[in-house]
Amino acid sequence: MRSTIDNHFKDSLRRDVPPFKITDHDEDPVVWVKLKATWAPFEWHIIDFDGEDRCYGVVDWFGRRLIRFSLRRVLSLRGPNGETIIRDYRFAPCRVSDLE
């Protein structure tokens with residue numbers, strides 16, 4: 001079941017997010033996808049994706065940072081009652097500078 005969920009995430013990211021490192025020289029890149037923890041105020045805003053595991057984006061986890069991170073690792077996180085990371089489908093793409 002878990003690999004089906006991972007594949008769904010990967011397929012949707014491949015469709016919705018530019019290829020990895022394509023935005024490296026953009027001073028204010030577009031954030032395309034938001035993932036969030038349902039049990040805590042942690043968020044991952046994805047700017048680009050390598051099609052398999054590596055993402056580049058803004059991570060809001062005890063402070064906001066622009067970093068590369070592993071999608072597999074993010075999706076493996078669990079809350080205290082087994083809660084999972086979800087994609088926020090209400091999120092509208094925006095520039096990094098416009099994130100609230």
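S12 is buried, with a relative accessible area of 2%. Buried here means under 20% relative accessible area, exposed means over 50%, and partly exposed lies in between (1.4 Å probe, protein chains only). S12 sits in helix α1, residues 2-16. Helices (H or I, at least four residues) and strands (E, at least two) are DSSP runs, numbered from the N terminus. The S12 side chain makes a polar contact with the side chain of R87, at 3.2 Å. A polar contact is a pair of N or O atoms within 3.5 Å; within protein, one must be able to donate a hydrogen and the other to accept it, and residues adjacent in sequence count only if both atoms are side-chain atoms.

The model is predicted: local features need pLDDT of at least 70, side-chain atom pairs count only at pLDDT 80 or more, and totals for chains, interfaces and linings use all residues. Residues are numbered from 1 along each chain as its sequence is written, and side-chain values use heavy atoms, with hydrogens and water left out.

The largest nonpolar core holds 17 residues. Of these, L13, L35, W44, I46, F69, L71 and I85 touch the most other members. Two or more residues of this core come from each of β2 (33-37), β3 (43-49), β4 (54-60) and α2 (71-76). A second, separate core has seven residues, among them I47, Y56, F91 and C94. A nonpolar core is a set of buried Ala, Val, Leu, Ile, Met, Phe, Trp, Tyr and Cys residues joined through side-chain atoms within 4.5 Å.

Strand β4 runs antiparallel to β5 (residues 64-70), and seven bridges join the two. Strands pair if DSSP finds at least two bridges between them. G57 has I67 in β5 as its bridge partner. Three residues lie between the strands of this hairpin, where F62 takes a positive phi near 55 degrees.

Salt bridges come next. The criterion is a side-chain nitrogen of Lys or Arg within 4 Å of a carboxyl oxygen of Asp or Glu. Eleven salt bridges are counted by this rule. One of them joins the side chains of R68 and D48, at 4.0 Å from N to O. This pair links distant parts of the chain, with R68 in strand β5 and D48 in strand β3, 20 residues apart. R68 counts as partly exposed, at 30% relative accessibility. D48 counts as buried, at 0%.

D60 and R64 also meet through their side chains in a salt bridge, at 3.5 Å from N to O. R64 is partly exposed, at 39% relative accessibility. R90 forms a salt bridge with D88, with the closest N and O atoms 3.6 Å apart. Here R90 is exposed, at 70% relative accessible area, whereas D88 is buried, at 9%. Both residues belong to a network of salt bridges that links K34, K36, E43, D88 and R90.

S70 lies in strand β5. S70 is buried, with a relative accessible area of 13%. Its side chain reaches the backbone nitrogen of R73 at 3.1 Å. Leaving aside neighbours within four places in sequence, S70 is in contact (heavy atoms within 4.5 Å) with D53 and R54. From S70 to E43 the separation is 27 residues in sequence and 14 Å in space, C-alpha to C-alpha.
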